[in-house]
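This note sets out numbered points on the model under review. Please read them alongside the sequence and the coordinates.

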Amino acid sequence: MSESIDLQINARWIIPVEPADTVLEHHAVAVRAGRIVAVLPRDDAHSRFHPEKTVELPEHILMPGLVNLHVHSAMSLMRGIADDLPLMRWLQEAIWPAEVKHMSPDFVRDGTLLAAAEMLRGGITTCNEMYFYPGAAAEAFSRAGMRAIVGVTVLDFPTPYASDADDYLRKGLAARDKWRHDPRIGFSFAPHAPYTVSDATLARIATLAAELDAGIHVHVHETAQEVADSIAQHGVRPLERLARLGLLGSNVIGVHAVHLDASDIDILARSDASIAHCPTSNMKLASGIAPITRLLDAGINVGLGTDGAASNNRLDILQEMRHASLLAKVSTLDATAIPAHAAIRMATLNPARALGLGDRIGSIIAGKEADLCAVALDRIETRPCFDPASHLAYVAGREHVSHVWVSGEIRVNKGLSMLQLNNAELLAFAAVWQTRLSS
């Protein structure tokens, strides 16, 4: 007797990520109740399973859904508002003034919906979010049907969202409590950066994260000036300061980590913290090239992030894969640095593990949730294909994403969004906020 399943996906190639460096040809993925039941040769699947629905992907790569390890989703509404500026001028002259004037739950909800649609269309099924009004962001991700870890952003200065660190934490924890039973929405603590958060607040966040078994998501060592200022003000580099405050551990994701010396890398390795590498944003803001090969050689877990659309200006993890690999090669003068399969892991399983979700997503193995992405290689610019992993890292773009599933539910079908909101709504959001931000 054949087993009943909800969905069978037959693909020309499957890159399961686990086992590592594997490409399966003419295989199938069986899905029941939102989870992967089996990965097996297509002929064996036909005899073993009776699917309610079958999807044929004859010239496609099927891979795990991409994971964006660092994003400010609502900033999609500020895409292109302040280009060609260094980080601190970008923040102080453009971004922070715009946020003071326009920040609201509606701004965050609308901007996050726009970003979620962009990410899903590019194969991103999970993101690690850091911004204001986390409840509004959670609402948007839920409506889009996307998986997200939403950061409880904390600063030590007032914004339209909150007055002080206590207020940020109180409001963020209230949002966490409201969404705590949602299967796709989780929360972490997101102190913005060591230079915007005091020792007392950082120590308090470390305690709360330990009590609540929550992650910590923080910008760190993004610019050389940040490191120099920390030494001048605190006598130590930012990572050493965080370590002394008890903030570093396996639940921590440090974002950017561009300007590191040997002592910083040793601290990260000993603490088992992860790094979110955002190569495009680092290039665009001229922050520098993060020493990713040294981090990987030290056994540090590195995943890829886009940063926000105001500093990238795309939410495109396939682009980050390519940039991460090419930057590693040119900065080390080593053409073997971050090969294709390593780049794919940095976009899937590595960030899933950083988020504490490695047992649920990030690879295509039985028992995990069916968060999946199909990339079509049936166009002129993708032919011929000698190595699908190489094509995924160096050839394909988000425009080649054809299908996306989250927990076995279709989100993109043949390149068309299957969201709970349509293009007209999304374009209307963008138009309204463009008018407001331009005024």
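How many nonpolar, polar and charged residues does the lining of the second largest pocket have, by class?

1. By class, that lining has 17 nonpolar, seven polar and three charged residues. Here Ala, Val, Leu, Ile, Met, Phe, Trp, Tyr, Cys and Pro count as nonpolar, Asp, Glu, Lys and Arg as charged, and the others, Gly among them, as polar. The second largest pocket holds about 360 Å³ of space. Its lining numbers 27 residues, with L91, I95, W96, E99 and H192 the closest to its centre. Helix α2 (residues 87-102) gives the most to this lining, with seven residues.

2. Basis of the note. The model is predicted: local features need pLDDT of at least 70 and side-chain atom pairs count only at pLDDT 80 or more, while totals for chains, interfaces and linings use all residues. Residues are numbered from 1 along each chain as its sequence is written, and side-chain values use heavy atoms, with hydrogens and water left out.

3. On a 1 Å grid over the protein atoms alone, a cavity is a set of points where a 1.4 Å probe fits but cannot get out; a pocket is an open set with protein on both sides within 12 Å along at least five of seven lines; and lining residues have an atom within 4 Å of a point. Grid points are joined across faces, edges and corners, and a volume is the space filled by probe spheres set on the points.

4. Overall form. The protein has 16 helices and 16 strands, taken as DSSP runs (helices H or I, at least four residues; strands E, at least two) numbered from the N terminus. The C-alpha trace spans about 70 × 45 × 45 Å along its principal axes.

5. Of the 439 residues, 59% are buried; buried means under 20% relative accessible area, exposed over 50%, and partly exposed in between (1.4 Å probe, protein chains only). Among contacts (heavy atoms within 4.5 Å) with a separation of 6 or more, 72% join residues 24 or more positions apart. The accessible surface comes to about 16,700 Å², and carbon and sulfur atoms account for 52% of this area.

6. The largest pocket. This pocket contains about 700 Å³ of space. It is lined by 35 residues, and F187, D213, A214, G215 and L355 lie nearest its centre. Two or more lining residues come from each of β7 (147-154), α5 (165-179), β8 (185-191), α6 (199-212), β9 (215-220), β10 (252-256) and α14 (349-354). The lining has 18 nonpolar, nine polar and eight charged residues.

7. Cavities. There are two cavities of 30 Å³ or more. The largest, of about 40 Å³, is lined by I15, V17, P19, A20, D21, T22, H341, I344 and R345. Its lining divides into five nonpolar, two polar and two charged residues. The second largest cavity, of about 30 Å³, is lined by V218, V220, L239, L248, V252, G254, L268, A273, S274 and I275. Strands β9, β10 and β11 (274-277) each give two or more residues to this lining, which has eight nonpolar, two polar and no charged residues.

8. Two buried residues. S73 is placed in the loop between β5 (66-71) and α2, and counts as buried because its relative accessibility is 0%. Apart from neighbours within four places in sequence, S73 is in contact with G111, T112, A115, M119, E129 and F141. N68 lies in strand β5 and is likewise buried, at a relative accessible area of 0%. With the neighbours within four places again left aside, the contacts of N68 include M119, I124, L304 and I317.

9. A partly exposed residue. Is E18 buried or partly exposed? At 23% relative accessibility, E18 counts as partly exposed. E18 sits in the loop between β1 (3-14) and β2 (24-32). Not counting residues up to four places away in sequence, E18 touches L349, R353, S363, I364, I365 and K368. The C-alpha atoms of E18 and G122, 104 residues apart along the chain, are separated by 22 Å.

Technical notes:
Accessible areas come from the Shrake-Rupley method with a 1.4 Å probe; for residues, only the protein chains shown count as cover.
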